[in-house]
Amino acid sequence: VFLVSVDWETEAIIQDIIEKEFSQQTIISVVHRYRFIHWFDWVILLKHGELVECDKAEVLLQRDSDLQKLYLAFQEPPTSR
């Protein structure tokens, strides 16, 4: 487990490494930026330590969900895969 606060370019490099080197592994990632949210198979949203939502990012973002509200509030440029 590691905690990192990085710029956008470094974050993209880290995500590429995770995607390539750990593609067959289970990755649990705590994110505060949403630009790579679609890379993950499942999203679990916690609020004050309580489970609020759990589903695929695409599902949560297509309905009126707390994740959709957060995503739209912190809209970032799309990242291609």
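1. Phe74 is partly exposed, at 47% relative accessibility. The terms used here are buried (under 20% relative accessible area), exposed (over 50%) and partly exposed (in between), with a 1.4 Å probe and protein chains only. The model is predicted, so to speak of its limits: local features need pLDDT of at least 70, side-chain atom pairs count only at pLDDT 80 or more, and totals for chains, interfaces and linings use all residues. Residues are numbered from 1 along each chain as its sequence is written, and side-chain values use heavy atoms, with hydrogens and water left out.

2. Overall layout. The protein chain holds 3 helices and 2 strands. Their order along the sequence is α-β-β-α-α. Helices (H or I, at least four residues) and strands (E, at least two) are DSSP runs, numbered from the N terminus. Of the 81 residues in the protein chain, 23% are buried.

3. Surface and contacts. The protein chain has an accessible surface of about 6,600 Å². Carbon and sulfur atoms supply 56% of that surface. Accessible areas come from the Shrake-Rupley method with a 1.4 Å probe; for residues, only the protein chains shown count as cover. Among contacts (heavy atoms within 4.5 Å) with a separation of 6 or more, 39% join residues 24 or more positions apart.

4. Tyr34 and Phe74. Rings of Phe, Tyr and Trp (its six-membered ring) pair if their centres lie within 6.5 Å; planes under 30 degrees apart are stacked, over 60 edge-to-face, and the rest tilted. The count by this rule is 2 aromatic pairs. Tyr34 and Phe74 form a tilted pair, with 6.5 Å centre to centre and 35° between the planes. Tyr34 sits in the loop between α1 (8-21) and β1 (43-47), and Phe74 in the segment after α3, so the pair ties together parts that are 40 residues apart in sequence. Tyr34 is buried, at 10% relative accessible area.

5. Phe36 and Trp39. The ring centres of Phe36 and Trp39 are 5.0 Å apart and the planes stand at 80°, so this pair is edge-to-face. Phe36 is buried, at 4% relative accessibility. Trp39 is buried too, with a relative accessible area of 13%.

6. Arg35. Arg35 lies in the loop between α1 and β1. Is Arg35 buried or exposed? Arg35 counts as buried, at 13% relative accessibility. The side chain of Arg35 reaches the backbone oxygen of Trp8 at 3.2 Å. A polar contact is a pair of N or O atoms within 3.5 Å; within protein, one must be able to donate a hydrogen and the other to accept it, and residues adjacent in sequence count only if both atoms are side-chain atoms. Arg35 and Phe74 are 39 residues apart along the chain, and their C-alpha atoms are separated by 9.4 Å.

7. Ile37. The loop between α1 and β1 also holds Ile37. Ile37 is buried, with a relative accessible area of 5%. Leaving out residues up to four places away in sequence, Ile37 touches Val31, Val43, Ala57, Leu61 and Tyr71. The C-alpha atoms of Ile37 and Glu58 are separated by 9.1 Å, at 21 residues apart along the chain.

8. Helix α1. The 14 residues of α1 should span 20 Å at 1.5 Å a residue, and its end C-alpha atoms are 20 Å apart, which agrees. The expected span is 1.5 Å times one less than the number of residues. At the start of α1, a side-chain oxygen of Asp7 comes to within 3.1 Å of the backbone nitrogen of Glu9.

9. The faces of α1. Glu11, Ala12 and Gln15 are buried in α1. Seen down the axis, the buried residues of α1 fall within an arc of 100°, so they line one face of the helix. The arc is that of the directions from the helix axis to the C-beta atoms. Glu9, Lys20 and Glu21 are exposed, on the other side of α1.

10. Ser65. Ser65 is in the loop between α2 (57-62) and α3 (66-73). Ser65 is buried, with 1% relative accessible area. Which residues does Ser65 touch, not counting residues up to four places away in sequence? Ser65 touches Glu53 and Leu60.

11. His48. His48 is not a glycine, yet has a positive phi of about 55°. His48 lies in the loop between β1 and β2 (50-55). His48 is exposed, with a relative accessible area of 77%.
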